[in-house]
Amino acid sequence: MRLHIPAWLSARIPSQCLACGSWPAQPLCAQCQARFAQHVPRCRSCALRLPDAHAGAHCGQCLRHPPVLQHCLVAVDYGYPWALPLTQWKLHAQPAIGRHLAQWLQQHAAWPALRDGCALTIPIPLSPQRLRNRGYNQALLLARALDCPAIQPQLLQRTHDTPTQMRQGRTARLRNLRGAFRVPPQHQGLLDGKTVLLVDDVITTGATLQAAAQALLAAGAGQVHAVALARTP
């Protein structure tokens, strides 16, 4: 039987760094964060890593097919050593790790302007079944840890659970996500002309954020930005 430790308690229990094993430490100690969390140039629209010479530009895919997101910010690439704490936080009932993960984004120079330029924050919702199984929505926890403006999780609903997409490409993901998000009719007036910040944990192909942003724009949002902890290279 798994022992469930309350989030307020697990946040205070000393632990080992999940990268180097030092003790006691945060999920990633200060030394590992300084070593591995260097900010790199990324595409403004989808957050893919870019060569240094193209800082602040757009990747080729976004130039050919402009996405609906105005700006997408992430802290790190999804890989060593970030994958382990992200998995612990998301899939192994350790929601308190989110408070430490949020610090990676809060230290990004672009974060304050992005946060302050948005009127509403909407975490990417889970389906009711997945929310029951997991017990919490990690995107909502991240939005709270980041102190995002006007968090309104009720403004976006997931209409159905999608099959696991870990091994699927962007085209297949977009097909699975067609019609997966909607804005409840009684809330559509709250979006009129507003700049919205979508919050997610990890971006793989960007299909989830794209589908969610399209639903928000169709319901009257003026612009949609996004923020996530990590982006698959």
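**Overview. The chain holds ten helices and six strands.** The model is predicted: local features need pLDDT of at least 70, side-chain atom pairs count only at pLDDT 80 or more, and totals for chains, interfaces and linings use all residues. Residues are numbered from 1 along each chain as its sequence is written, and side-chain values use heavy atoms, with hydrogens and water left out. Helices (H or I, at least four residues) and strands (E, at least two) are DSSP runs, numbered from the N terminus. Of the 233 residues, 45% count as buried. Buried means under 20% relative accessible area, exposed over 50%, and partly exposed in between, with a 1.4 Å probe and protein chains only. The accessible surface of the chain is about 11900 Å² (Shrake-Rupley method, 1.4 Å probe; for residues, only the protein chains shown count as cover). Carbon and sulfur atoms account for 54% of that surface.

**View 1. Four strands build an open, parallel sheet in the order 1-6-5-2.** Strand 1 and strand 2 are the edges; each has a single partner strand, so one side of each lacks a neighbour in the sheet. The twist averages 20° from one strand to the next. Strands pair if DSSP finds at least two bridges between them. Strand 5 and strand 6 pair in the parallel sense over eight bridges. V199 stands opposite V227 in strand 6. Helix 5 packs on the sheet, touching strand 1 and strand 6, and its direction makes about 120° with that of strand 6. Helix 8 also packs on the sheet. It touches strand 2, strand 5 and strand 6, at about 120° to the direction of strand 5. Axes are lines fitted to C-alpha atoms, for helices over the stretch in contact; angles run from 0 to 180 degrees between N-to-C directions.

**View 2. Helix 8 spans residues 138-145.** Its buried residues are Q138, A139, L140, L142 and A143. They pack against helix 4, helix 5, helix 7, strand 2, strand 5 and strand 6. At the start of the helix, a side-chain oxygen of N137 comes to within 3.0 Å of the backbone nitrogen of A139. Just after helix 8, D147 takes a positive phi of about 55°.

**View 3. T121 sits in strand 2.** T121 is buried, at 0% relative accessible area. Contact means heavy atoms within 4.5 Å. Beyond its neighbours within four places in sequence, T121 is in contact with A143, C148, P149, A150, I151, Q152, L197 and V199.

**View 4. The largest nonpolar core has 30 residues.** A nonpolar core is a set of buried Ala, Val, Leu, Ile, Met, Phe, Trp, Tyr and Cys residues joined through side-chain atoms within 4.5 Å. L86, W104, W111, L197 and L229 touch the most other members. The largest share, five residues, comes from helix 5. Leaving aside neighbours within four places in sequence, W111 is in contact with L73, L105, Q106, L146, C148, L197 and V227. Another core lies apart, with 29 residues, among them A47, C72, V183 and A212.

**View 5. L69 lies in the loop between helix 3 and strand 1.** L69 counts as buried, at 7% relative accessibility. Setting aside neighbours within four places in sequence, L69 is in contact with S45, L209, A213, V224, H225 and A226. L69 and L217 are 148 residues apart in sequence and 10.0 Å apart in space, C-alpha to C-alpha.

Terms used: A polar contact is a pair of N or O atoms within 3.5 Å; within protein, one must be able to donate a hydrogen and the other to accept it, and residues adjacent in sequence count only if both atoms are side-chain atoms.
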